[in-house]
Amino acid sequence: MKNNTLRPLIAAISAATASASPAFAQQTDPEFEAIEEIVVTASYRASLQRAQELKKFNSTISEVMTAEDIGKLPDSSIAESLARLPGLAGERRDGRTSGLSVRGFNENYVATTLNGRELLGIGDNRGVEYDLYPSEMINSVVVYKTPQSNLSLQGIGGTVDLRTIRPLDNTDRVIAFSGMLESNDLNSANPDFDDEGHRLAFNFADTFMDDRLGIAFTVASTESPIQEQQFRGWGYPTVSSDNIRSAANPDGNITLGEGVAEDDADGAVLLGGHDSFARSAMLERDTLSVVFQFAATDNLTLTLDVLTIDFEESKVFRGIEEAGPEWGASSYSIDRVENGLVTAGSFEGFRSVIRNDAEVKQGELDSLGFNVDWAISQDWEMGFDIAHSESKKDIVNIETYSGVGRALSADQGPSASYDFALANDGIVLEPTVNHPDYADPNLVRLAGPQAWGGALAPFEQFDASTNSEGLGQNTAQDGFVNAPEFEEELTTLSLSLTGSLDVGIFPQLHLGLNYSKRVKDKVNTGSFLTSPLWPSDGAIPEQFIVGITDLGFVVDSSILAYDPISLYNSGYYIETDASLIETARGGDTYKVEEELITAYIQADIDTTVRGMALTGNLGLQVQYADQQSSSFDSVIGEDLFAQLTPTSGGDSYVKFLPSLNLSLEFSEDHFIRAGAAKVLSRPRIDDLRAGSSINFQFNDANIQESSDPNNSAWSATSGNPELRPNEAYQLDLAYETYFADVGIFTAGVFYKDITNWHVNAQQVQDFSEYLIAGYHVDSAGNLPSFNDGAVSSRADGLEGDMLGYEAQLSLPFSVIHESLEGFGLVTSMAINNGEFDDGSRIPGLSEKTNQVTLYFERGGFSARISMTDRDDYLTERPGLSLALTPEVNNGAKLVDAQISYDFADAGIEYLDGLTILLQGQNLTEESERLFDEASGDGRRVTRYSNYGANYLLGINYTF
């Protein structure tokens with residue numbers, strides 16, 4: 001049984017603060033305003049020293065990262081740098097570190113702010129993609145692992161505050177330029193994509209009017225390539241032993257190779273099919289960040305922040321999709337069986353689907369913030385902040401099918417013929433002499449070679465009666481395009497008051513009031529694509545052919561490559577609106593509106609206990625939330641088209657969030673820190689949608705089900721606009737000792753008692769009223785005899801807990817011996833044990849994460865090598881119709897390195913300010929490998945992705 005002793009403790013804190021006056025909000029933590037007062041030189045060790053000083057004097061349990069110099073973070077991206085902090089872990093997505101987990105919770109449950117203001121992402125949900133923000137614009141980052149009441153935003157995992165430079169805090173003029181060339185060691189397999197890119201950035205900061213006006217801006221432009229080789233296994237069916245050819249069964253379609261007995265094959269499993277792709281991508285991102293500060297008087301400072309980001313990520317996925325033995329091949333042989341798994345053989349009889357797919361993701365983010373800081377008197381200060389942000393993202397994800405001719409046509413070409421062998425990274429296919437040449441433009445036809453277009457049944461224009469060939473709707477799908485659109489707006493207002501309290505152990509009081517309004521819209525659109533030559537087919541139009549794509553990582557052959565985006569944009573295809581017949585699209589088109597009013601009161605603590613300094617804070621947040629959603633209920637009507645009925649819903653409520661932070665310096669530079677708080681994360685936005693969809697699975701096994709609602713052909717899904725936040729009580733205890741300028745050792749333990757989490761709830765419903773005779777039938781035309789099915793939605797009520805341990809060591813080797821000056825080590829580890837009461841996993845939790853960095857700096861030369869190692873964790877990937885689908889990632893061990901030289905120590909005057917550097921990322925070419933976990937057999941690979949290593953060569957010049 002779960003230990004709930006935390007709840008009375010937090011309740012006692014709440015009682016102690018509940019009678020205080022109404023709260024107000026403050027945008028920044030004054031404990032970190034002294035960042036520019038630390039005198040250091042521009043180096044990796046300097047960044048460690050700055051971060052260590054800030055961490056030391058903070059009253060919360062936190063982690064801090066600072067730039068080596070303006071526009072120069074220790075790594076090439078924010079995400080990579082943050083992933084090296086103790087208790088944090090990065091997540092690679094499509095080969096690039098983008099996601100971030102804090103204490104075992106992914107970014108959807110981590111609050112992210114920019115200069116204290118809530119930050120919008122351009123993703124599907126609340127989570128921020130950290131690689132969207134160029135490292136050149138960030139001056140420091142503070143990760144609050146324990147909350148304090150004057151933070152404008154909090155999450156169950158923690159709060160990440162990204163901070164840009166404040167020019168009036170540093171009155172020296174700074175003009176800096178950086179440029180990098182980037183290259184991936186996987187040569188682009190796609191002829192229309194490059195494997196090289198670049199990064200350019202310019203930083204300026206200066207003060208004018210006797211240091212009363214400060215201006216800082218960053219301009220950054222990036223083109224970053226990614227290459228991927230991906231294999232995806234469909235599953236591992238059992239060999240149909242009844243079809244093994246023998247004297248008693250001469251017509252069997254399975255032959256056994258030499259040395260393979262029937263007993264070996266009986267009950268064995270084998271790969272049922274695959275799709276394998278060579279993916280190339282290019283991320284283009286342009287960023288402008290501007291800060292204006294004006295000290296109108298000695299007591300009044302005005303700050304204006306402007307941020308605009310435009311990005312476009314273009315991808316192509318070219319490969320083959322093939323059903324193999326059992327699931328598509330007309331015949332096959334088994335040549336080797338090892339411990340119940342067929343590891344070698346051959347198959348033929350399936351007509352491969354050649355895929356030329358692509359995606360273009362375009363987004364923009366604009367943010368404007370204005371802040372007033374007014375020292376009312378010597379003891380009291382007031383702050384006012386107003387900000388507005390907008391983001392937009394459009395995706396065009398297109399699939400195009402080609403092959404040896406249209407499915408079921410009389411003149412369709414030959415089928416595939418392979419010898420195969422399983423490998424650690426999937427499968428190795430060796431075409432036989434009878435295998436078609438898929439790179440031959442005279443053979444490849446722009447038409448679906450498989451009859452997978454049954455969803456087009458309601459559209460009479462594709463009926464078999466319309467053509468002499470007798471080809472029907474199931475042959476009319478030659479591609480598909482998903483094109484969701486997202487728009488989001490966020491407006492925030494904050495008022496804060498900070499002043500002297502001087503009551504006992506409480507020297508200072510913080511009051512604040514925060515208001516925010518967030519609106520997110522999603523329109524889920526898509527279309528079936530059909531060649532205008534249907535029911536016939538034709539060659540790929542010559543103007544769109546770009547060459548061939550080498551698939552040597554999986555098969556010793558190539559495929560014809562053409563530009564699917566240009567082909568689609570030319571208007572070549574007949575488009576059929578998928579939302580007319582796919583109910584899930586209407587149910588996933590929504591608007592969510594959210595208004596929050598947060599008030600707080602916080603009293604700082606500063607006293608002594610038996611001569612030992614005790615600092616901290618005690619506070620209470622009161623949060624009022626009003627959430628509303630509008631969407632559609634969607635079901636197939638009598639005309640076989642989707643019927644949409646507008647629907648809406650919502651709720652409002654109040655939450656009380658007490659917090660206590662204590663820091664005891666029991667000996668010089670030795671600290672014990674403790675924290676207790678109630679924390680929450682707002683519900684995922686897609687879970688708050690009001691819409692629902694009723695679905696029917698056209699599968700004979702489901703239609704013929706007689707009693708199990710979970711296996712019925714009928715089902716429904718819906719959101720829940722009445723969801724409450726995810727909530728937890730947490731308790732923290734940590735020890736820190738600072739033994740050198742860049743020497744620190746910390747160890748801590750924390751516990752989170754999760755009192756509310758969202759769970760997939762199911763109830764049984766009778767769908768008889770939606771039954772359409774002649775449509776909801778099996779392949780023999782029979783109606784389902786059982787019309788009950790499961791309705792799935794998100795609900796409150798799941799509980800769980802987590803116990804975590806963290807440790808960090810930053811060790812300059814000079815403390816061991818002076819001859820080791822310049823050498824050092826930074827290492828950390830985290831162990832998290834936790835799950836929900838139903839046994840399900842916490843999203844983002846890895847049981848173990850470790851990082852080690854070895855560095856050397858002396859005489860302008862700098863070198864470091866870093867390793868991060870993360871255990872498996874629960875994440876999500878885009879699935880059918882780009883819907884986010886849960887997936888267990890097996891984690892990774894990544895090795896990065898950097899060497900650089902700063903010419904300031906070279907004695908060459910005109911090179912003073914120049915630094916050259918070389919970075920290598922993923923030097924061991926760590927791949928992602930997933931297997932069939934239910935079987936426990938690591939040989940049954942379900943996905944394998946190889947991204948190769950990435951290299952950057954660059955310069956930084958500071959004038």
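Eight residues are joined by salt bridges into one network: K55, E63, R103, K145, R673, D732, E736 and E806. The model is predicted. Across the whole structure, a search finds 49 salt bridges. Three further pairs are set out below.

**D305 and R117**
- A salt bridge joins the side chains of D305 and R117, at 3.1 Å from N to O.
- This pair connects distant parts of the chain, 188 residues apart.
- D305 sits in strand β13 (residues 300–323), while R117 sits in strand β5 (residues 117–118).
- D305 counts as buried because its relative accessibility is 8%, under the 20% cut-off.
- R117 is buried too, at a relative accessible area of 9%.

**K678 and E727**
- K678 and E727 meet through their side chains in a salt bridge of 3.0 Å, N to O.

**R794 and D687**
- R794 pairs with D687 in a salt bridge, and their closest N and O atoms are 3.3 Å apart.
- R794 is in strand β35 (residues 788–812), and D687 is in the loop between β30 and β31 (692–696), so this contact ties together parts 107 residues apart in sequence.
- R794 has 19% relative accessibility and therefore counts as buried, since the cut-off is under 20%.
- D687 is buried, with a relative accessible area of 8%.

Key:
Residues numbered from 1 in each chain as written. Predicted model: local features only at pLDDT ≥ 70, side-chain atom pairs only at ≥ 80, totals over all residues. Heavy atoms only, no water. Salt bridge = Lys/Arg side-chain N within 4 Å of Asp/Glu carboxyl O. Helix = DSSP H or I, 4+ residues; strand = E, 2+ residues; numbered from the N terminus. Buried < 20%, exposed > 50% of the residue type's maximum accessible area, 1.4 Å probe, protein only.
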